[in-house]
Amino acid sequence: MLRFEISPDRVSRSHPGGVPDVVSLRLTVTNTGALPVPFDRLVFGLVPGDGPAELTDEEHVGAIVAAAQPGWYVRGDDAGGFSAVPRVPGFHLAAGASVGFDLHDVAVNGATGTATIAIGAPGAHAATVTVVKENGRPHIEFFEGLPTEIELGDECVLRWRTTGASHCTLVTPDGTLPVERTGSARVQPTTTYTYRLIAEGDGPPDTRPFEVVVAGMRIDDFRAGPDRVALGDRTTLRWLISGAASATVEPGGPVNRQHGTLTVPVHEDTDFTLTATRPGLIPVVASAPVTVVPVDLRDLTADPPVIPPGESTTLHWDAAWSTGYRLAWPGGAVDLDREATSYPLRPAATTTYTLTAAGLRPRSRELTVAVGAALTRLGLSTDPARPGAVLLHWQVRCGEARLGTGTTAEPPLAPVPAEDSRWLTLGPRPTYVRMLAGDRETRLILAGATAPGGPRFGSFDLTAPAGLTTPRTSATVRWSAEGGTVSGTVRDGDRSEPLSGGTGDRPAFIGARVAHRTLWAGNLMVEGGGAYAALDWEVL
């Protein structure tokens, strides 16, 4: 004996004028006898219509989808009729066993009453099951949204389905809006908000909340690059913000509230600030400092520093944080861009050049290029094996050299090689040395002990790349001494600086010519054991 059941057997009718209520039904066939029952076919059908005795109407009957449990085929005719057969021929439904068949997407019509589903099966009388359509209580089957958390400006999609409702409303930040009984909506709240879906009908309303979280406001990144610039250079500000309604950069002005770049010039140390705002929240602030770096002019050289008349040289410099350069000389000047690191020249005579690096706290350096003969080195050394003698050495560039040595203040001059050395024997009287390069003269006076083991100079050197007799250029005094205490002075015009120590390496700057003849001068003495060794130099 077969028993036929339908579940659910009570559903809510659809309310006219809206999307119909859709339900799923399960038809269950059970063998209530003590023996297996041959069961190789089942037919059932719904007669479509709008009346109390019909479950669905003609418009929606073709949308019903039938399904069966594993082991059965089921198909419909799109007019409410369905047929199910087992996959294995000769199927018997065991005593106490059941088999189920599902009907999905059944749109209930709008009439109240009892709807009938007719059933036929082999070996069984025609049967029916009934489904009562009633004024059901409004029910929200689901109300959900994705994503559940959004950034400001993004969207969340709400979805819902209801049954038994005559109409539905959605409570939003902008007010209560009518919506379909089954449907969806895109929402874009500016703050975290709980939406409410209200289903209303014949019974008490059903309400379901859903919260959409809007992420809090934050500045994820704010930086300046580069953050160290030369005066007036540009830096690029970059930012990334979440959850802001507006954003401002100062100095600068309003900017994109989410992300962006802004390139601005910088004329002083500046602490750029980014402020993100949103109604109801405390503003969020980030900063990006940019430093304007002072000019650093580290070096200025000429290659070569001494040239023959009519030849050329090239100035080279090393600088940082400059916005440009001005190279000036008596009677002329040239402006150079910031990328320049050298400049070719062909001076007609010895010339002093001034390079000024522009920017924050501009810096200048001077360099003289010598044209014609220049004495670039004059010095001496001693050998313990040759007491009472010194080895004089010299170097003259781009011209002839003339040397005079003796015990009188004006020893006669004679031509010598431009670069050479010569041993001088010292006596009880001072020894005078005159070196002439071109028309410029440098003098040394040597005096003091000549006995073995006494105080002595191991070495002494005057060097200048552009020439010892070239005004406004750099020079160096180097010495080593032993056998006593060293003292001395280097003089350049009105400036005077003491010298001391057993060894020394002292830079000097040859200024403008003073006292009508002397460029720079100095003296050194080493004293010990009642004896001494001394030397004086004068560059004319």
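A: Start with one term. A residue counts as buried when its relative accessible area is under 20%. The model is predicted. Now to the aromatic rings.

The structure holds 12 aromatic pairs. One of them joins Phe 39 and Trp 72. Their ring centres are 5.2 Å apart, and the planes make an angle of 50°, which gives a tilted pair. Where do the two partners sit in the chain? Phe 39 is in the loop between strand E4 (37-38) and strand E5 (42-46). Trp 72 belongs to strand E7 (residues 72-76).

Next come Phe 44 and Phe 101. They also form a tilted pair, with 6.3 Å from centre to centre and 45° between the planes.

Why is Phe 44 called buried? Its relative accessible area is 5%. The cut-off is under 20%, so Phe 44 qualifies. Phe 101 has a relative accessible area of 1%, so Phe 101 is buried by the same test.

Now join the pieces. Ring pairs link six named residues into a cluster: Phe 39, Phe 44, Trp 72, Phe 82, Phe 91 and Phe 101.

Step back to the nonpolar cores. In soluble globular proteins, nonpolar side chains tend to be buried together. The largest nonpolar core here has 36 residues. Phe 460, Trp 520 and Trp 537 touch the most other members of it. A second, separate core has 32 residues, and Val 11, Phe 44, Trp 72 and Val 99 are among them.

Leaving out residues up to four places away in sequence, Phe 460 touches residues including Leu 378, Leu 444, Val 477, Leu 524 and Trp 537. His 393 and Arg 478 are also among its contacts.

Ser 242 is buried, with a relative accessible area of 9%. Ser 242 is found in strand E23 (residues 234-242). Arg 218 stands opposite Ser 242. Strand E23 belongs to an open sheet of 3 strands, in the order E21-E23-E26, with antiparallel pairing. Strands E21 (218-225) and E26 (259-265) are the edge strands, each pairing on one side only. The twist averages 15° from one strand to the next. Strands E21 and E23 are joined by 7 bridges.

Gln 395 is the other example. Gln 395 sits in strand E38 (residues 389-397). Its relative accessible area is 15%, so Gln 395 is buried as well. The side chain of Gln 395 makes a polar contact of 2.7 Å with the side chain of Thr 376. Beyond neighbours within four places in sequence, the contacts of Gln 395 include Ala 374, Arg 377 and Glu 419.

Definitions and conventions. Residues numbered from 1 in each chain as written. Predicted model: local features only at pLDDT ≥ 70, side-chain atom pairs only at ≥ 80, totals over all residues. Heavy atoms only, no water. Helix = DSSP H or I, 4+ residues; strand = E, 2+ residues; numbered from the N terminus. Buried < 20%, exposed > 50% of the residue type's maximum accessible area, 1.4 Å probe, protein only. Pairing = 2+ DSSP bridges. Axes fitted to C-alpha atoms, helices over the stretch in contact; angles between N-to-C directions. Polar contact = N/O pair within 3.5 Å; in protein donor to acceptor, adjacent residues only side chain to side chain. Contact = heavy atoms within 4.5 Å. Core = buried A, V, L, I, M, F, W, Y, C linked by side-chain atoms within 4.5 Å. Phe/Tyr/Trp six-rings, centres within 6.5 Å; stacked < 30°, edge-to-face > 60°.
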